[in-house]
Every structure is written in C-alpha cells, then in structure tokens.
Amino acid sequence: MAFLEILHFPDPRLRKKATPVDEVNDQVRQTVKDMFETMYDAPGIGLAATQVNIQQQIIVMDVTEDKSRPVCLINPEIVAEDGEEEMQEGCLSVPGVFENVQRAESITVRALDEQGVEITLDADGLLAVCIQHEMDHLDGKLFVDYLSPLKMQRIKKKMLKMKKLDPLESDASPQSANII
C-alpha cells in the first residue's frame with residue numbers, strides 16, 4: 001500500500017494547474033490505485049492528483065457509504081451543466097473546515113477511465129458536486145476561493161496555526177459532512 005501525502009492549504013503547490021495525461025499506462029494506473037488508497041484512508045470521498053502533488057488531470061472518488069462505487073476520471077471535461085444547488089463542502093486539503101458552496105446541480109462529464117477508455121457520465125447531487133470540486137483542484141482552485149476574502153483569510157490563519165500544532169492536538173477531525 002502506498003499512501004500519498006495530502007497537501008494542505010495554503011501550500012502553493014495546490015495552486016498549480018494540472019496537465020492532461022498523454023497516455024493511460026501502468027504508471028498512471030498505479031497512481032490511480034495509490035490515490036484510491038489514500039482517499040479511502042483519509043477518509044474522503046474524492047481526491048485530485050494535485051492534492052498529492054501529482055500535476056496530472058486525474059481524479060478519484062467514491063460517494064457511497066460502503067465505498068462500493070469507485071470512479072476514476074482522467075482528463076475530465078464538463079460538457080453540460082444544469083441548475084444550481086448549494087451544498088456544504090469539506091476538503092482533505094483544508095481539514096476541519098466546512099462551508100456552503102454553490103455549484104451546478106447536474107452535469108455531464110467526458111473523461112477517460114483508468115483503462116484509457118472514453119466515458120461519459122451524467123451526475124447530480126453529491127456526485128456532481130464532488131466532480132466539480134475535484135476538477136477545480138485540477139485548475140489550481142480550492143473551495144475556499146468561493147468564500148468571502150475575510151472567511152478565506154480566517155481559514156488560512158487556522159490552517160497555518162494547525163500546521164504548527166501537534167496533529168493529535170488539533171481539532172481538524174472530520175465532523176459529519178462529506179470531505180471531498
């Protein structure tokens with residue numbers, strides 16, 4: 001098992017834009033496997049490669065309670081979106097912070113799967129939010145960017161303070177919201 005280090009806000013590496021995957025090969029498939037292991041262990045419901053300092057357009061997610069529907073999207077592209085909804089989001093790169101964010105209610109995304117096969121996926125609800133959240137990571141954007149400058153500054157101070165504390169003493173453990 002290869003668990004990858006998850007970067008935490010305000011690490012500047014989270015702001016790097018990911019590059020497309022040229023070829024889905026064994027190395028990419030191993031990255032996907034390592035990302036799933038890291039995401040499940042964290043625990044979270046989604047993880048973008050940029051969150052583990054891999055600057056490639058790869059996201060993994062599983063929004064099911066029993067972790068039975070893993071989804072991998074390589075070079076994802078939203079080709080249609082509809083509606084708007086607000087949902088509370090959390091992030092493995094911003095532990096202990098949960099805020100409401102508005103996103104499209106339903107989307108259609110085109111991508112490659114971990115075998116390199118092109119897929120089209122229609123998503124709504126939590127899955128649609130998760131995909132949009134992770135795709136933002138690939139563009140160097142975090143969910144805190146949707147918040148007011150004052151809220152973002154408070155979160156940044158909190159993250160920097162947590163970094164200085166012993167992890168066992170921090171209050172960053174997940175509450176009941178989904179951590180994407």
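Here's a short tour of a predicted model, with things to select as you go.

**Stop 1: helix 1.** Select residues 26-41.

**Stop 2: the buried side of things.** Which residues of helix 1 are buried? Colour Val 28, Thr 31, Val 32, Asp 34, Met 35, Phe 36, Glu 37, Thr 38 and Met 39 to see them. Then show strand 1 (46-48), strand 2 (58-61) and strand 3 (71-82), which are among the parts covering those buried residues.

**Stop 3: Thr 38.** Stay in helix 1 and pick Thr 38. Its relative accessible area is 3%, which is under the 20% cut-off, so Thr 38 counts as buried. What does its side chain reach at 2.8 Å? That's the backbone nitrogen of Leu 4. Leaving aside residues up to four places away in sequence, Thr 38 touches Ala 2, Phe 3, Leu 4, Ile 6, Leu 47 and Val 52.

**Stop 4: a hairpin.** Jump to strand 4 (residues 85-91) and strand 5, an antiparallel pair joined by six bridges. Two residues sit between the strands in this hairpin. Zoom in on Cys 91 and you'll find Val 94 of strand 5 opposite.

**Stop 5: strand 5.** Finish by selecting residues 94-103. Seven of these 10 residues are buried, so strand 5 is largely enclosed by the rest of the structure.

Notes: Residues are numbered from 1 along each chain as its sequence is written. This is a predicted model: local features need pLDDT of at least 70, side-chain atom pairs count only at pLDDT 80 or more; totals for chains, interfaces and linings use all residues. Side-chain values use heavy atoms; hydrogens and water are left out. Buried means under 20% relative accessible area, exposed over 50%, partly exposed in between (1.4 Å probe, protein chains only). Helices (H or I, at least four residues) and strands (E, at least two) are DSSP runs, numbered from the N terminus. Contact means heavy atoms within 4.5 Å. Two strands pair if DSSP finds at least two bridges between them. A polar contact is a pair of N or O atoms within 3.5 Å; within protein, one must be able to donate a hydrogen and the other to accept it, and residues adjacent in sequence count only if both atoms are side-chain atoms.
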